[in-house]
Amino acid sequence: MGKMDFTNHHKEKLLNEVYGKLQHGASPSHSLVSFLRSTPISEWLKERKDEGPWAELGCGMRSLFESWQDIFDLGLKNNLYGLDLSSIAIERAQQYGTIHYQQADCTLEIPHGPHAVILDGHFLHCLNSVPEVYQTLGKIREALIPGGIYIGEVMLAHKSLSFDTQFEYDVQSNLLYKDDIPSRIIMDAFEWEDMFVSSGLKIKYFVCQSSIKIIPEDSRDVAMNGDPECLRFCLERI
Ligand SMILES: C[S@@+](CC[C@H](N)C(=O)[O-])C[C@H]1O[C@@H](n2cnc3c(N)ncnc32)[C@H](O)[C@@H]1O
């Protein structure tokens, strides 16, 4: 298979193989949870508690909603949806989880909307190409109520990016390949900003966190200087 032939059908098979080998869902990203708990994000979330359902895109084997008592305290439990491309991840999540889970390719449709809040479980930078990110932001916009928000963190390029040997970063396409398979999208702040603006969503929050690294390799948990940095954002449908 050439680098350009990778589809979401191939990706689901690959993800199912990976998730099939894992016993338990990883705990949600500490950075993402601390971002959601911080102000003004936590205030913007609370304001939308009665406005409609909330979804997490790319929830894997355990939605971050499950570990986030503050959200259950808001009485939202029956209105939370965890969505993921991997059917195996969703089966496992359904076994142990307490919210609604559904297998979905979120580049095509985000079900159960319109949503008041859409959270990104480190999903957007895992898509297969920059055009696919653009298309997906359009779907996210359609799946939000007016005033609804989309919150997440993505990988941010910087001058000292460096990767383990099985990775190859293509600066032209902004794609990080792992063994010739698209693995992550890494763009600089201007490129992410352009992408967000052209999606028609309004930027409410956009902060580059150079001190936070997002590790692109699942088997490593110690961050290195060359790892991508973190961009935190909140976009609103106006
Ligand atoms: C980096 S993992 C994060 C998983 C989980 N949120 C966590 O923090 O451990 C990205 C997730 O996005 C999912 N994903 C990738 N492409 C997707 C798509 N097109 N639609 C829905 N989910 C997708 C993957 O299956 C994977 O579970």
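The structure is a predicted model, in which local features need pLDDT of at least 70, side-chain atom pairs count only at pLDDT 80 or more, and totals for chains, interfaces and linings use all residues. Residues are numbered from 1 along each chain as its sequence is written, and side-chain values use heavy atoms, with hydrogens and water left out.

The chain has seven helices and 10 strands, taken as DSSP runs (helices H or I, at least four residues; strands E, at least two) and numbered from the N terminus. Its C-alpha trace spans about 45 × 40 × 30 Å along the principal axes. Among contacts (heavy atoms within 4.5 Å) with a separation of 6 or more, 71% involve residues 24 or more positions apart.

Of the 238 residues, 50% count as buried, that is, under 20% relative accessible area, with exposed being over 50% and partly exposed in between (1.4 Å probe, protein chains only). In helix 2 (residues 30-37), the buried residues are Ser31, Leu32, Val33, Phe35 and Leu36. Their cover includes helix 3 (41-47), strand 4 (115-120), strand 5, strand 9 (202-213) and strand 10 (229-236).

Ile149 lies in strand 5 (residues 144-156) and is buried, with a relative accessible area of 0%. Beyond its neighbours within four places in sequence, Ile149 is in contact with residues including Trp44, Leu45, Ala116, Ile118, Lys204 and Leu235. The C-alpha atoms of Ile149 and Lys139, 10 residues apart along the chain, are separated by 13 Å.

Helix 1 (residues 8-21) packs against helix 5 (residues 87-96) at an angle of about 40 degrees, the axes being 7 Å apart. Axes are lines fitted to C-alpha atoms, for helices over the stretch in contact, and angles run from 0 to 180 degrees between N-to-C directions. The two helices are therefore oblique to each other, given that angles under 35 degrees count as roughly parallel, over 145 as roughly antiparallel, 65 to 115 as roughly perpendicular and the rest as oblique. Helix 1 contributes Glu12, Asn16, Tyr19 and Gly20 to the contact, and helix 5 contributes Ser87, Ile88, Ala89 and Arg92.
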